[in-house]
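Hi,

Here is the structure I promised to pass on to you. Have a look at it first, and then read on for my notes on what turned up.

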Amino acid sequence: MRKTLYVSDLDGTLMQPGAYLSETTLDLLNRSIAEGKLFTVATARTPATVSDIIRNVDMTLPSIVMTGAAVWDSRSNHYSDLKYFNEEAVRKLVDAYHEMSFPIYLFTLENEIINIYHIGGKLNDIERQFMEERLHSPFKHFHIPADESEQLPEKFDKTILFYGMQPTEHAERTFRRTTLIDGARPQFYHDFYGPEIGIVEAFAPEATKANAVLRMKERTGADRVVVFGDNINDIPMMKVADVAVAVENALPEVKEIADIVIGPNTENSVAKFIYEDQEG
């Protein structure tokens, strides 16, 4: 039997609508892990929300978080494999967001704590909801004054990502502007906010799910990697997998590059595949 590493995206792939793992998925994953199968997740989320989602999974491997900018161990709450920006790239990104009048969150990671700052002054309703849902997380600290005026870190050397959610046209224009910046890897896509809201992110160039999956493969000594995804930002890690699996609800572009298309996320399809896979 080959040593297989199974890596799954969370939103729209492993999870049910509502951002939780069903009892069936939990049962099948824990049975698979108990049998010795290697399983982890790769997500754009931070541990602030990942910790609750996977709390009942008997994880033996750390999770790939923040789209590959870090690896996080749920057993120890320890971060590793951090991929920071260079400071010059951060300054150029901050200038670009100001130039485009694009509000966005800036994340730093230092001493096991994610610090979140905001560029662009007043928060919109979605940004405010994002903050309020995470204000009491032990993993995050928001540096946003009561009047929501801009406050940035004194130094940019621990900057790990930017994350913004704005109307689609504004988001796409800003994304195109930031593609011109050396030392940054910007992303634009739609997610659970719907087609009217575009997600804009930026990472250090080496911070990708694909690179993190390859490093996890080396770390575990796996000789086969199976990756599950549904969205545009899953395509790079699916392309480096030995077997790329798309759920039925995946975007057409994702299903097009997949080796296998399974059932939808609502039917526990990922966990079923892992449990039933005889090559793992």
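**Aromatic pairs**

Let me begin with Tyr97, which counts as buried because its relative accessible area is 1%, under the 20% limit. Please keep in mind throughout that this is a predicted model. Phe102 has a relative accessible area of 1% as well, so this residue is also buried. How do the rings of Tyr97 and Phe102 sit relative to each other? Their centres are 6.1 Å apart and their planes meet at 35°, so the pair is classed as tilted. Tyr97 and Phe102 also belong to a cluster, held together by ring pairs, that includes Phe85 and Phe162.

Over the whole structure, the search finds nine aromatic pairs. One of them joins Trp72 and Phe139: with ring centres 5.6 Å apart and planes at 90°, the pair is edge-to-face because the angle is over 60 degrees. This pair links distant parts of the chain, since Trp72 belongs to strand S4 (residues 70–73) while Phe139 lies in the loop between H5 and strand S8 (140–142), 67 residues apart. Both Trp72 and Phe139 are buried.

**Pocket and cavity**

The largest pocket has a volume of about 410 Å³. Its lining is made of 22 residues, and the closest to the centre are Asp11, Gly12, Asp191, Phe192 and Tyr193. Two elements give two or more residues to this lining, namely helix H1 (10–14) and helix H5 (125–132). Which of the elements has the largest share of the lining? That is H5, with three residues. By class, the pocket lining divides into eight nonpolar, eight polar and six charged residues.

The largest cavity holds about 310 Å³ of space. It is lined by 25 residues, of which Ala44, Arg45, Tyr163, Phe192 and Glu201 are the closest to its centre. Strand S9 (159–167) and strand S11 (197–203) are the elements that give two or more residues to the cavity lining. Sorted by class, that lining has 10 nonpolar, six polar and nine charged residues.

**Nonpolar cores**

In soluble globular proteins, nonpolar side chains tend to be buried together. Here the largest nonpolar core has 76 residues. Those with the most contacts inside this core are Phe39, Met66, Tyr105, Phe107 and Phe228. Another core lies apart from it and has 21 residues, including Ala89, Val90, Leu93 and Ile119.

Strand S1 (residues 4–8) is mostly covered, with five of its five residues buried. In a regular strand the side chains alternate between the two faces of the sheet. In S1, Thr4, Tyr6 and Ser8 are on one side, Leu5 and Val7 are on the other, and both faces are covered.

S1 pairs with two strands that I would display together. With strand S12 (residues 224–229) it runs parallel, and five bridges join the two. With strand S2 (residues 38–41) the pairing is also in the parallel sense, over four bridges. Val7 is a handy residue for finding your way here: its bridge partner in S12 is Val227, and its bridge partner in S2 is Thr40.

**Two backbone angles to check**

Most residues other than glycine have a negative phi, and most peptide bonds are trans. Against that background, here are two residues to look at. Ala19 has a positive phi, near 65°, and lies in the loop between H1 and helix H2 (23–34). The phi of Thr67 is positive too, near 55°, and Thr67 lies in the loop between strand S3 (63–65) and S4.

Are these two residues buried or exposed, or in between? Ala19 has a relative accessible area of 33%, so it is partly exposed. Thr67 has a relative accessible area of 1%, so it is buried.

Best wishes, and happy viewing

Terms used
Residues are numbered from 1 along each chain as its sequence is written. This is a predicted model: local features need pLDDT of at least 70, side-chain atom pairs count only at pLDDT 80 or more; totals for chains, interfaces and linings use all residues. Side-chain values use heavy atoms; hydrogens and water are left out. On a 1 Å grid over the protein atoms alone, a cavity is a set of points where a 1.4 Å probe fits but cannot get out, and a pocket is an open set with protein on both sides within 12 Å along at least five of seven lines; lining residues have an atom within 4 Å of a point. Grid points are joined across faces, edges and corners, and a volume is the space filled by probe spheres set on the points. Ala, Val, Leu, Ile, Met, Phe, Trp, Tyr, Cys and Pro count as nonpolar, Asp, Glu, Lys and Arg as charged, and the others, Gly among them, as polar. Rings of Phe, Tyr and Trp (its six-membered ring) pair if their centres lie within 6.5 Å; planes under 30 degrees apart count as stacked, over 60 as edge-to-face and the rest as tilted. Buried means under 20% relative accessible area, exposed over 50%, partly exposed in between (1.4 Å probe, protein chains only). A nonpolar core is a set of buried Ala, Val, Leu, Ile, Met, Phe, Trp, Tyr and Cys residues joined through side-chain atoms within 4.5 Å. Two strands pair if DSSP finds at least two bridges between them.
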